[in-house]
Amino acid sequence: MMKTKTAMMLELWLEARTRFTNQLESISELDLQKKLGDAPNSIGFLIRHIGDVELLFAKNVFGDSTIKVSAKTVIDKKDTGEWVDTAALKAYVKESFEKLKSIVEQQTDEDWGTHISTQEFGTKTKSEAFGRIVSHTTYHAGQMAIIQKYGMV
């Protein structure tokens, strides 16, 4: 039996997101504060940022009008030093994951070709936009891994 586009998109995203979720298992409160040199973002900021952007995608790209999000990392554009609560950050990205997954699961094969326009990336099909969230999370997961290995508090 052939899988739907939605099932394939979900498989791709879930596998790519493990680059991020696998790191969460061993993150400590001290790790959240690590940065590379004078780089602007800590691990804690990046975790919160991934959650913010997943919620923005669920709301603005996939149309989940029930989502209320204050994307502080997107608004502030820099680390304010406040993202130091491991449990709160893990809960936040668990929620962002669940909300994005839930709305993505509702997409039909036809929906993936629908065009979406946003201020951040212009006009894209939903499948192209979804590629952005996949690459966004893995990009920042790579940053987190480097900061975890070489960063300092």
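Modeller: Contact, as I use the word, means heavy atoms within 4.5 Å. This is a predicted model, where local features need pLDDT of at least 70, side-chain atom pairs count only at pLDDT 80 or more, and totals for chains, interfaces and linings use all residues. Residues are numbered from 1 along each chain as its sequence is written, and side-chain values use heavy atoms, with hydrogens and water left out.

Colleague: Okay, which residues does Lys72 touch, not counting those up to four places away in sequence?
Modeller: Lys72 sits in helix α4, residues 72–76 (helices are DSSP runs of H or I, at least four residues, and strands runs of E, at least two, numbered from the N terminus). Its C-alpha is 7.4 Å from that of Asp52, 20 residues away along the chain. With those sequence neighbours set aside, the contacts of Lys72 are Arg48, Asp52, Lys77, Glu82 and Trp83.

Colleague: And what is the relative accessible area of Lys72?
Modeller: Buried means under 20% relative accessible area, exposed over 50%, and partly exposed in between, using a 1.4 Å probe and protein chains only. Lys72 counts as partly exposed because its value is 29%.

Colleague: Where does α1 bend?
Modeller: Helix α1 covers residues 5–24, and its buried residues include Trp13 and Phe20. The bend at a residue is the angle between axes fitted to the seven residues ending there and the seven starting there. For α1 that gives about 40 degrees, at Thr18.

Colleague: Why is the Phe62 and Trp112 pair called edge-to-face?
Modeller: Rings of Phe, Tyr and Trp (its six-membered ring) pair if their centres lie within 6.5 Å; planes under 30 degrees apart are stacked, over 60 edge-to-face, and the rest tilted. The structure has six aromatic pairs. In this one the centres are 5.7 Å apart, and the pair is edge-to-face because the planes meet at 70 degrees.

Colleague: How many residues apart in sequence are the parts it ties together?
Modeller: Phe62 and Trp112 are both buried. Phe62 is in the loop between α3 and α4 and Trp112 in the loop between α5 and β1, so the pair ties together parts whose separation in sequence is 50 residues.

Key: Expected span 1.5 Å × (residues − 1).
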